[in-house]
Amino acid sequence: MAAETATNKNNTSRSIVIIGVLFFIFGFVTWLNSVLIPFLKTASQLNNFESYLVAFASYISYFVMAIPSAWVLKKIGFKNGMSLGLVVMAVGALIFIPAALSRTYAMFLFGLFVQGTGLALLQSAANPYITILGPIESAAKRISIMGICNKVAGALAPIIFGAILLKNMDAIEARLEGMGAAAKAAELDELASLVITPYMVMAVILVGLSVLIYYSALPEIETDSEDDTLAAANKSKTSVLQFPNLLLGTLAMFLYVGVEVIAGDTVISYARDGHNIATDVAKYFTTYTLIAMIVGYLIGTVTIPKYISQQKALQISGILGIILGLSAIFTDGYISVLCISLLGLANALVFPAIWPLALHGLGRFTKMGSSFLIMALAGGAILPLGYGYLADTFDPQSAYWIVIPSYLYIWFFAVKGHKIK
């Protein structure tokens, strides 16, 4: 019995490591948007609203592809689905090559959508997998560990790609202002070509990881099992729409991902355009956001559930988000920008807490419920566009009012919404 327990524990640990690698990939690819937004804004000569279509193209794929992803996972299983998702992401990375050669913004957006499709498949498998891989009471702790993997990658991505894509950007923009049409087009073509090599390397790495996952010992898990008590409670249920905690949690996830993307993807542009901070300095603010999230995740791994519950962590996160959002609006300069970066601390434990609270009690409806939460990641497509519109209409600082009602709703879900059955 002891040997069997040790074997199961080793299998679980191995599975967590494999899923951790996938969360690292999620983070690296997703948080590249913080660099791509100001880069493509210059290379493709865009306004704020148009530049945030980068986030829209990345995240709307979750809404479009979540339910198809659930169908694919049902047909081919979690492991094969993860492997396929990595291949799809590699295809999206390769689309950047013709996009750069032709400097076609729509093609860049299509490549991001294809990458997002691969991410939707990976997230549809990985999030319920890690949630169910152990006791539900410690699910937020396990997801926090995954979040550390995700955000470490997210912190590295803008540093690495920022050094390639945003190098000397202020000088380039100054040169562009005095150029004629032909010279300007040639300069912009050269700028756009900077993405080719890194995205080729990314495609090769993604295909390699796909092969490793395919031949790994990652076990399949049963997500739809119900004990006798849960089966009795769900006996009369015929649809996932009969679980209010899931529906309210889906809205909380939608708003959360929106404010998370706003905090990470707008802060470089906000520092440059809102407070005239040099690009060589501004490019690090997304990394600060991700470092703040890592700190939050570390706090979660230590405190949940030993000292505070998942619900309490979510309540604290909502309140902290409101405080930091208002501070960013009513202060100036580096303080205001750093308040946006510190939203990473407020955001860290929201995603880990929403998953178990929203999926609690779903039993055989878990796969479809997970698809709802994956669809809700489309908040990262919609809210940043709202921010971009407000930034163009008013100013980049006033546009942050969009985050305040979102954090209020997250607090409501933590206090009451998740209890509604």
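Phe351 counts as buried because its relative accessibility is 11%, where buried means under 20% relative accessible area, exposed over 50% and partly exposed in between, with a 1.4 Å probe and protein chains only. The model is a predicted one, in which local features need pLDDT of at least 70 and side-chain atom pairs count only at pLDDT 80 or more, whereas totals for chains, interfaces and linings use all residues. Residues are numbered from 1 along each chain as its sequence is written, and side-chain values use heavy atoms, with hydrogens and water left out.

Phe351 belongs to helix 17, residues 350-359; helices (H or I, at least four residues) are DSSP runs numbered from the N terminus. When residues up to four places away in sequence are not counted, Phe351 touches Asn127, Ile143, Met253, Tyr256 and Leu377, contact being taken as heavy atoms within 4.5 Å. Phe243, which stands 108 residues from Phe351 in sequence, is 19 Å from Phe351 in space, C-alpha to C-alpha.

The domain assignment of the protein gives domain 1 (9-216) and domain 2 (236-420), with bounds that come from an automatic or database assignment. Their C-alpha centres are 19 Å apart, and 51 residues of domain 1 are in contact with 51 residues of domain 2. Between them the two domains bury about 4,600 Å², of which 72% is on carbon and sulfur atoms; buried area here is the accessible area (1.4 Å probe) that two parts lose on being put together, summed over both. In domain 1, the residues that lose the most area to domain 2 are Trp31, Tyr52 and Lys151, which together account for 15% of what that side buries.

Four salt bridges are counted between domain 1 and domain 2, each defined as a side-chain nitrogen of Lys or Arg within 4 Å of a carboxyl oxygen of Asp or Glu. Lys151 forms a salt bridge with Glu260, and the closest N and O atoms of this pair are 3.3 Å apart. The elements that give two or more residues to the side of domain 1 that touches domain 2 include helix 2 (33-43), helix 4 (53-102) and helix 6 (139-165), and the largest share of that side, 16 residues, comes from helix 6.

Helix 2 is largely enclosed by the rest of the structure, because eleven of its eleven residues are buried. Among these buried residues are Asn33, Val35, Phe39 and Lys41. Helix 2 is followed by Gln45, whose phi is positive, near 55°.
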